[in-house]
Amino acid sequence: MTPWEALYPDVMPSIAPGRAEPMVDRQLLRSAQAFCRATRAWCVDLDAVRTNDSELSYDIEFPGAADLVRLESATLDGDEIDVWRPGGAKQSLYVFTPERKTVALSRPVGVGRLLVLRVSVMPSNKATGIENEIFSSY
């Protein structure tokens, strides 16, 4: 993770003199969040979740200090399954997120199957910097 201070040489010349660094850090955080939401540039494959027969909903574990922007794709035992989108047609099996902290399947899929999610994320409000890859690329 690259700390917010690494961006100071690029942003401080454009900021009014005397701005407190915590305020600059907060604005960098908000800018990074807006960038990640708009571009979905920070994508990760989450660790596989093993399904249970009676469960439809599973907790999502994000890397570091990150929050979900969007479910990009999903596989079940290596086969693609649909990700529900507003206004989209619902197939018999699809995945969705009811409140951005869990993922749910539309129907039971059995015990021991591996669900892998590709998601776009953004820095959470607790982030102290930006992902190294995002920093070096953008």
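Predicted model: local features only at pLDDT ≥ 70, side-chain atom pairs only at ≥ 80, totals over all residues.
**Entry 1: overall layout**

I began with the secondary structure. I find 3 helices and 10 strands in the protein. I then read the order from the N terminus: β-α-α-β-β-β-β-β-β-β-β-β-α.

Next I looked up the dimensions. The C-alpha atoms fill a box of roughly 60 × 30 × 25 Å along the principal axes. The radius of gyration is 18 Å, whereas a compact globule of 138 residues would come near 14 Å. I also checked burial. Of the 138 residues, 35% count as buried.

I turned to charge pairs. Side chains of opposite charge can pair when their charged atoms come close. The structure holds 5 salt bridges. I followed up some of them.

Glu72 and Arg40 meet through their side chains, at 2.6 Å from N to O. I noted where the partners sit. Glu72 is in strand 5 (residues 66-76), and Arg40 is in the loop between helix 2 (21-39) and strand 2 (43-45). The two are 32 residues apart, and the pair links distant parts of the chain. Arg40 counts as partly exposed, at 32% relative accessibility.

Glu72 also forms a salt bridge with Arg70, at 3.5 Å from N to O. I looked up the cover on Arg70. It is partly exposed, with a relative accessible area of 27%.

**Entry 2: Arg113 and Asp77**

I moved on to another pair. The side chains of Arg113 and Asp77 meet in a salt bridge of 2.8 Å, N to O. What does this pair tie together? Arg113 lies in the loop between strand 8 (102-105) and strand 9 (114-123), and Asp77 lies in the loop between strand 5 and strand 6 (79-83), so the bridge ties together parts that are 36 residues apart in sequence.

I checked accessibility for both partners. Arg113 is partly exposed at 29%. Asp77 is partly exposed at 41%. Back at Glu72, I noted that salt bridges with shared partners join Arg40, Arg70 and Glu72 into one network.

**Entry 3: positive phi angles**

I went through the backbone next. Most residues other than glycine have a negative phi. Asp77 has a positive phi of about 55°, although it is not a glycine. This is a residue I already had from its salt bridge with Arg113.

Arg100 is another entry under this heading. Its phi is positive, at about 70°, and it is not a glycine either. I placed Arg100 in the loop between strand 7 (94-96) and strand 8. Is Arg100 buried, partly exposed or exposed? It is partly exposed, with a relative accessible area of 40%.

**Entry 4: a negative patch**

I then looked at surface charge. Asp47, Asp59, Glu61 and Glu99 form a negative surface patch.

**Entry 5: Val83**

Last, I looked up Val83. It is found in strand 6. Its relative accessible area is 16%, so Val83 counts as buried, the cut-off being under 20%.

Key:
Residues numbered from 1 in each chain as written. Heavy atoms only, no water. Patch = residues over 30% accessible without salt bridge, like charges linked within 9 Å, V, L, I, M, F, W, Y side chains within 5 Å. Areas by Shrake-Rupley, 256 points an atom, 1.4 Å probe, with all protein chains shown as cover. Salt bridge = Lys/Arg side-chain N within 4 Å of Asp/Glu carboxyl O. Lys, Arg positive; Asp, Glu negative; His and termini not counted. Charge placed at Lys NZ, Arg CZ, Asp CG, Glu CD. Helix = DSSP H or I, 4+ residues; strand = E, 2+ residues; numbered from the N terminus. Rg over C-alpha atoms; globule rule 2.2 N^0.38 Å. Buried < 20%, exposed > 50% of the residue type's maximum accessible area, 1.4 Å probe, protein only.
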